[in-house]
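Reader: I'm new to this one. Could you walk me through how to read it?

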Amino acid sequence: LADNALQALHDEGYDAPFNTQSLNADTLIFTRGREGLSLAGDWNFCVDLLDTGLRQKWFTMLPEAPEDRVEPWDYDPYMGETVPVPSCWQMQKEKWYFFEGSAWYTRPLMHDAGAGRRQILRIGAAQYDCKVFLNGEFLGNHYGGSTPFCVELTEALKPGQNWLMLCVNNTRTLDRVPMRNTDWFNYGGVYREVTLYDLPQTIIRDLFVRLAGSKIRVSAVVDGDVAQARVAIPELGVDIAVPLIDGKGDVSLDATPELWSPETPKLYDVVFTAGEDQVQDRVGFRSISREGTEILLNGTPIFLRGISVHEDDETLGKVTSDTDIRRRFAHAKALGCNYLRLAHYPHHERAAEIADEMGLMLWEEIPVYWAIDFANPATRRDAENQLRELIRRDRNRASVIIWSVGNENPDTDARLDFMRGLADIAKAEDPTRLTSAACLVNHAKLKIEDRLADHIDVIGLNEYYGWYEENFEELAEIGRNSSPDRPVVISETGADGDNTPQGPARGLFSLSYQDEVYKKQIATLRDLDYVKGMSPWILYDFRVERRQGIFQRGWNRKGLIAADKETKKPAFHTLAAYYAERAQQDQ
Ligand code: GCB
C-alpha cells in the first residue's frame with residue numbers, strides 16, 4: 001500500500017500494546033433476559049486528536065485535587081466537560097461535528113464486592129475502536145463500530161469507588177472494515193448502551209435456538225463447572241435436561257411450534273438454566289431456504305417487498321431507540337413491505353427483536369463496503385470477527401433471513417477469497433439462514449456476473465439505471481442477458497430527490513425525476529422471473545460528508561421520506577402502489 005512508508009514514520013509504537021483485538025466474538029456473553037446495571041448518563045469526555053492520552057498514559061492518573069498535584073496535567077479525566085452515554089459526539093457540540101480521532105470517556109463505578117460473583121461489562125457499540133481501562137489497568141480493545149463486546153471486570157474491580165475509562169477512536173484507517181471511504185457519516189462515540197452485569201461463577205455464554213428440519217435445536221456454551229443445564233419452552237410443554245460436555249450442550253426437541261411468518265409472527269419464551277445462571281429469550285421458529293431461483297419461507301415461495309435503511313437520525317446521529325425503530329418499521333409497513341435491508345453494518349439489536357414481533361423479514365450485513373484491503377490478514381480478522389459477533393448476537397431472531405457479507409466490492413481474486421471465506425463462516429456459525437452480498441452488474445457484458453455468486457445463496461444486485469447509469473434501456477438488456485441459477489434480490493436502486501424549497505422543479509434531483517426512475521425500474525424489473533425481491537435505496541434521507549452538491553448539502557437524498565422522517569416524497573407512493581399489487585398477486 002502506498003501509505004506504508006508514511007505509516008511506519010507515524011507509528012512510534014505508542015499504541016501497539018493496545019491493539020490486541022482481545023475483546024471479540026469469543027468474549028461475548030449472552031445477555032437476553034438478564035437484568036443489568038445501566039451505565040447511561042453523563043461521562044467525563046475529552047477529544048484527543050493526537051492520541052496524547054495513550055502516549056502520556058492518562059488512564060494511570062489517579063484523581064487528585066488540582067492544588068495538590070506535583071505535575072501539570074494536560075488533561076483531567078475526572079473533571080471538566082461531559083457528554084451523555086449513549087451519544088455520538090458530532091451531535092453534542094458543533095465543534096465536534098467533523099472530529100475524527102480518539103476521545104476519552106471516564107466515569108466512577110461503585111462496587112460492593114459480592115463473594116463469588118463475576119462482573120461483566122457489555123458495550124452495545126462504540127465507533128470504531130474501543131480500549132477499556134479500569135483503575136489504570138488496560139483490559140482489552142475491540143474493533144468494529146457496530147457490534148457489542150464484553151469485558152470481564154471481576155479481577156480489576158476493588159470494593160468502593162472504581163474508575164472506568166474508554167478510549168474510543170473513529171479514525172478511518174487502511175486496515176479496517178470499513179476502510180476510508182463510505183457513503184454514510186463517520187459518527188464517533190459510545191452510541192449504544194453500556195451495561196454492567198453481576199453474574200454467578202457459572203455463566204451461560206451463548207444460546208442458539210432454532211428450527212432445524214422438523215426439530216427445535218438448542219445449542220449452548222456454558223462457562224463453569226456444571227455437567228447439566230435445562231431448557232424450557234413452557235408454551236410447548238418442553239422442559240428437559242441438556243447434558244454439558246466441556247461446557248457445550250446440544251439437544252434436538254420434538255415439538256410442533258406454530259411457525260413464525262410476517263402474517264403470524266408467533267414467538268415463544270425460551271428459558272435456559274445452568275447452575276445459578278439463567279437467561280431467557282423470545283424465539284420464533286421458521287425455515288428459510290432456496291430452491292433454484294426461489295426463496296422459500298416455511299416451504300412456500302416468497303417475494304421480498306423491501307426497503308433499505310440506514311441507522312441515522314437528524315439530531316441523534318447513530319443513536320437509536322425503540323420509538324425510532326418502530327417508526328421505521330411502521331413506515332416500511334405503510335409502504336407494503338414484508339422485508340428490510342439493514343444497511344451497511346449491524347444495526348441496534350432491538351431492530352431484529354422488534355422485527356420479530358412486528359413480522360418483518362431482515363437482511364443484516366457487515367461493513368465490507370466498496371474497497372477494503374482484501375489481502376491484509378488484519379482486515380480479514382476484523383471482518384470475520386464482526387460477522388461472528390453479528391451472527392451470535394442475532395441468530396435467535398426469526399426475522400433475520402439473510403446474512404450479507406459485503407457491498408459492491410470489485411471482483412478481484414483477493415476479494416473472492418476473502419468473501420467466500422466470510423460466506424463459509426456465516427454457514428458455519430448458522431447453517432439455517434441464507435447468505436448474500438450486494439454484487440454488481442458487468443457493464444461491459446451487460447450481464448449479472450460476479451464470481452462470488454457461486455458461493456452465496458441469494459445474489460444481491462445494486463443497480464442505478466436512470467441515475468448513475470443514464471442509458472436506462474441497458475437494464476432490460478441485462479435482464480435478458482442473464483440467467484442466474486439462484487434468486488436475485490435488487491438490493492439497491494434509486495435516485496435523489498430534494499424535497500426542500502431549494503430542490504429543482506425538474507431534472508436530476510427533482511422529486512418528479514426520482515419518481516420517474518422508480519416507475520421505470522418497476523416496469524422493467526417486474527417481468528424478470530428470477531428477481532425475488534427488492535430493497536430500493538432508501539427509506540430516509542441520511543447524513544453524509546462526501547455529498548456537498550447544491551441539492552445535497554451534506555445529505556444523500558435518495559430517501560423516499562425526507563430526513564425529518566415524516567415527509568413522504570412522490571416515489572414513496574409509487575413503490576407502495578407496486579407493493580400493494582405484488583402483495584395481492586402473491587396471496
Ligand atoms: C450505492 C451504495 C450506497 C450508496 C448509494 C448511493 O451503491 O451501496 O451505500 O449510498 O449507492 O446513493 O450512491
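Author: Let's start with helix H4, where Glu349, Ala351, Ala352, Glu353, Ile354, Ala355 and Asp356 are buried. Bear in mind that the model is predicted: local features need pLDDT of at least 70, side-chain atom pairs count only at pLDDT 80 or more, and totals for chains, interfaces and linings use all residues. Residues are numbered from 1 along each chain as its sequence is written, and side-chain values use heavy atoms, with hydrogens and water left out.

Reader: What do "buried" and "helix" stand for here?

Author: Buried means under 20% relative accessible area, exposed over 50%, and partly exposed in between (1.4 Å probe, protein chains only). Helices (H or I, at least four residues) and strands (E, at least two) are DSSP runs, numbered from the N terminus. Seven of the 10 residues of H4 (residues 349-358) are buried, so the helix is largely enclosed by the rest of the structure. After H4 comes glycine 359, with a positive phi near 80°.

Reader: Is threonine 574 buried or exposed, and why?

Author: Threonine 574 counts as buried because its relative accessibility is 14%. You'll find it in helix H9 (residues 570-585).

Reader: What does the side chain of threonine 574 join up with?

Author: Look for a polar contact: a pair of N or O atoms within 3.5 Å; within protein, one must be able to donate a hydrogen and the other to accept it, and residues adjacent in sequence count only if both atoms are side-chain atoms. For threonine 574, the partner is the side chain of aspartate 515, at 2.4 Å.

Reader: Which residues come nearest to the ligand?

Author: A residue is near a molecule if one of its heavy atoms lies within 4 Å of it. There are 14 residues around the ligand, and Asp183, Tyr369, Glu408, Tyr468 and Lys558 come nearest. Now check the side-chain N or O atoms: one in glutamate 408 is 2.2 Å from a ligand oxygen, one in asparagine 407 is 2.9 Å from a ligand oxygen, and for tryptophan 537 the distance is 3.0 Å. Taken alone the ligand exposes 320 Å², and the protein buries 97% of that (Shrake-Rupley areas with a 1.4 Å probe; for residues, only the protein chains shown count as cover).
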